[in-house]
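Here's a walk through a single-chain model, written for someone who likes to know the cut-offs behind each number. Have the viewer open while you read.

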Amino acid sequence: MSCHTNFDKAEEGVNDALAELLSLKDTEPLALGCIGTCTLSPAEISKRLGGNVRIWGKITTCSRLALAAGSGFDPSLLDEAYVKGADVFLSAEMKHSVARSSPLPCIEASHLLPEAPAMQRLAIKKGWQYIDDPPLLQTIP
């Protein structure tokens, strides 16, 4: 396990910062990530992340959001979130085969967007300068 993955799982780490950014309430842990009560629409989630997202599947409700910052679209993690009552899953780097077999609709962000809130918070805490470096990504309809 790398230091990066440790920060994903750490208290006040990457997933906690993402859950806070998305105003999740009543959170509980997943093997990697967490699940909580969500009051945001997918469009509001995209706006808070600060970039484009892709939706895999059909979202009918987004009241229990599971998330795993980074590359978290793993079949076992999707299954765990489903069993724990999630109705949507947020992460990055979706594979087509995983999307096709997912028990949940998924919101896919770029790898950076779900992790940036923790990096910003860490920089502030340590007195470092945070350098925002979003990917140059465009969506063409």
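What follows goes from the overall layout to the sheet, the cores, the cysteines and a few loop residues.

## Ground rules

This is a predicted model, so to speak of local features a pLDDT of at least 70 is needed, side-chain atom pairs count only at pLDDT 80 or more, and totals for chains, interfaces and linings use all residues. Residues are numbered from 1 along each chain as its sequence is written, and side-chain values use heavy atoms, with hydrogens and water left out.

## Overall layout

The chain has 6 helices and 6 strands; helices are DSSP runs of H or I with at least four residues, strands are runs of E with at least two, and both are numbered from the N terminus. Reading from the N terminus, the elements go α-α-β-β-α-β-β-α-β-α-β-α.

Of the 141 residues, 40% are buried, where buried means under 20% relative accessible area, exposed means over 50%, and partly exposed is in between (1.4 Å probe, protein chains only). The chain exposes about 8,200 Å², and carbon and sulfur atoms supply 54% of that; the areas come from the Shrake-Rupley method with a 1.4 Å probe, and for residues only the protein chains shown count as cover. Take the contacts (heavy atoms within 4.5 Å) between residues at least 6 apart in sequence: 56% of them join residues at least 24 apart.

Val53 has Ala109 in β6 as its bridge partner. Ala109 is buried, at 4% relative accessibility, and its C-alpha is 6.7 Å from that of Asn52, 57 residues away along the chain.

## Two nonpolar cores

A nonpolar core here is a set of buried Ala, Val, Leu, Ile, Met, Phe, Trp, Tyr and Cys residues joined through side-chain atoms within 4.5 Å. The largest one has 19 residues, and Leu22, Ile45, Leu65, Leu67 and Leu90 touch the most other members. At least two residues each come from α2 (14-21), α3, β4, β5 and β6, with the largest share, 3 residues, from α2. Apart from this core lies another, of 15 residues, including Leu30, Ala68, Ala99 and Leu104.

In α2, Val14, Asn15, Ala17, Leu18 and Ala19 are buried. After that helix comes Ser23, with a positive phi near 55°.

## Cysteines

How many disulfides does the structure hold? There are 0, with a disulfide taken as a pair of cysteine sulfur atoms within 2.5 Å. The sulfur of Cys62 is 4.2 Å from its closest cysteine sulfur, in Cys38, which is too far for a bond. Cys62 is buried at 9% relative accessible area, and Cys34 is buried too, at 5%.

Ser46 sits in helix α3 and is buried at 16% relative accessibility. Not counting residues up to four places away in sequence, Ser46 touches Gly51, Asn52 and Val53.

Gly50 lies in the loop between α3 (42-49) and β3 (53-56) and is exposed, at 58% relative accessibility. Its C-alpha is 9.0 Å from that of Pro134, 84 residues away along the chain. Gly57, in the loop between β3 and β4, is exposed as well, at 61%. From Gly57 to Ser102, 45 residues apart in sequence, the C-alpha distance is 8.8 Å.

Conventions:
Pairing = 2+ DSSP bridges.
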